[in-house]
Amino acid sequence: MATHRTKMLIIGSGPAGYSAAIYGARAMLEPIMVQGLQPGGQLTITTDVENYPGFADVIQGPWLMEQMRAQAEHVGTQMIWDTIVEIDLKSGPPFRAKGDSGDEYIASTVVIATGASAKWLGVPGEQELGGKGVSACATCDGFFYRGKKVAVIGGGNTAVEEALYLTNHSDDVTLIHRRDELRAEKILQERLFASDKITPLWNKAVERFVPGENGALHHLVLKDTQTGEESTLEVDGAFVAIGHAPATELFQGQLPLEDGGYLKVEPGTPKTEIPGVFACGDVMDHTYRQAVTAAGTGCMAALDAERFLSGIEIDLHGHVEEAEAAE
């Protein structure tokens, strides 16, 4: 067991955490990043990435995260393979955290970048066909299904938004819902029903995803939720859109949460209600959830952490105020 002291403790990795680390290290905050159970976050299980700025050709998610980690290390971030299991935010600063290893972390500021993960159906073939026809992000992967037949599974806002987005690439979108009515907002339902490219399929649940001879998704096996009858639906791509689960368990009871469990921040900033504690990336973003937006909020968190330590506050209008700095 060891005690680690730092001006900025980053909990979690991925685009948000790595960006915060890069900016924090360049500001001489000597950040420590505790990477958690899945260093690199969701992009480590994403194959083709075509929408991250700066790359003309398709890149691989794991490679992008390796490059971000290497850059953060190069400018001075200390990477620690550990998982934070306890943290006291209300008594700080300094803030104290404990790792699964037994190590203690004492920090003047904390950047929370624990991310979120897509909720999955948990049926056969789902994980095996990830990146081979099964996805949880139409914005990320819809482009690869131009002119092909796709399906969206779900009935809330996320599912309807994904289905509508996919009509930019496909004229044959099927929305599969286990009930006979949607839970999405009425305005979204109206847009969906007005589209001649989307076909709702009611009272159907996906039983399994089945590959073809080429190893990619070939069809879905569906079960009628009222009669129990099974059927099949041939598709090239299937998008599971039943929501996301932000990794906020560690902070419950210490920081306020929004609907869906996302950390609540001051609008337009990564600032939580506790001075010196910042949240960035998918753990606080229930709207965009993209790698580039996560990286942007990671940058913001590091800049605000540096200002906090300098005793400076800048409001949304650019006004500078004196603030009580961390000890």
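This is a predicted model: local features need pLDDT of at least 70, side-chain atom pairs count only at pLDDT 80 or more; totals for chains, interfaces and linings use all residues.
Select Arg208 and then Val221, which is its bridge partner in β15. The strands named on this tour, like the helices, are DSSP runs numbered from the N terminus, with at least two residues (E) for a strand and at least four (H or I) for a helix. Residues are numbered from 1 along each chain as its sequence is written, and side-chain values use heavy atoms, with hydrogens and water left out.

**The antiparallel sheet**

On its way to β16, strand β15 pairs in the antiparallel sense over 5 bridges, and Leu220 has Leu233 of β16 as its bridge partner.

Two glycines in the hairpins are worth a stop. Gly215, in the hairpin of β14 and β15 with 5 residues between the strands, takes a positive phi near 85 degrees, while Gly228, in the hairpin of β15 and β16, also with 5 residues between the strands, takes a positive phi near 80 degrees.

**The parallel sheet**

Now select β10, β17, β11, β12 and β13, which in that order form an open sheet of 5 strands with parallel pairing. Its edges are β10 (134-135) and β13 (198-201), each with a single partner strand, so one side of each is left without a neighbour in the sheet. Within this sheet, β11 (residues 149-153) and β17 (residues 237-240) pair in the parallel sense over 4 bridges, and the bridge partner of Val150 in β17 is Gly237.

**Backbone details in the loops**

Move to the loop between β6 (84-88) and β7 (95-99), where Pro93 is found and where Pro94 also has its place. A cis peptide bond with omega of about -5 degrees joins Gly92 and Pro93, and the peptide bond from Pro93 to Pro94 is cis as well, with omega near 0 degrees.

Then pick Asn203 in the loop between β13 and β14; its phi is near 55 degrees, a positive value in a residue other than glycine, and at 13% relative accessibility Asn203 counts as buried. Arg289, in the loop between β19 (277-279) and α6 (291-310), likewise has a positive phi near 55 degrees, and at 19% relative accessibility Arg289 counts as buried.

**The cysteines**

The structure holds 1 disulfide, the term standing for a pair of cysteine sulfur atoms within 2.5 Å. Select Cys137 and Cys140, which form it with their sulfur atoms 2.2 Å apart; with 70 degrees about the S-S bond, the link is right-handed. Cys137 counts as buried at 16% relative accessibility, whereas Cys140, with a relative accessible area of 26%, is partly exposed.

Where is the cysteine sulfur closest to that of Cys280? The closest one is in Cys299, 10 Å away, which is too far for a bond, and Cys299 is in no disulfide. Cys280 counts as buried at 1% relative accessibility, and Cys299 counts as buried at 16%.

**The second largest pocket**

Finish by selecting Val265, Gly268, Thr269, Met284 and Asp285, which among the 15 lining residues of the second largest pocket lie nearest its centre. On a 1 Å grid over the protein atoms alone, a pocket is an open set of points with protein on both sides within 12 Å along at least five of seven lines, and lining residues have an atom within 4 Å of a point. The volume of this pocket is about 240 Å³, a volume being the space filled by probe spheres set on the points, which are joined across faces, edges and corners.

Terms used. On a 1 Å grid over the protein atoms alone, a cavity is a set of points where a 1.4 Å probe fits but cannot get out, and a pocket is an open set with protein on both sides within 12 Å along at least five of seven lines; lining residues have an atom within 4 Å of a point. Two strands pair if DSSP finds at least two bridges between them. Buried means under 20% relative accessible area, exposed over 50%, partly exposed in between (1.4 Å probe, protein chains only).
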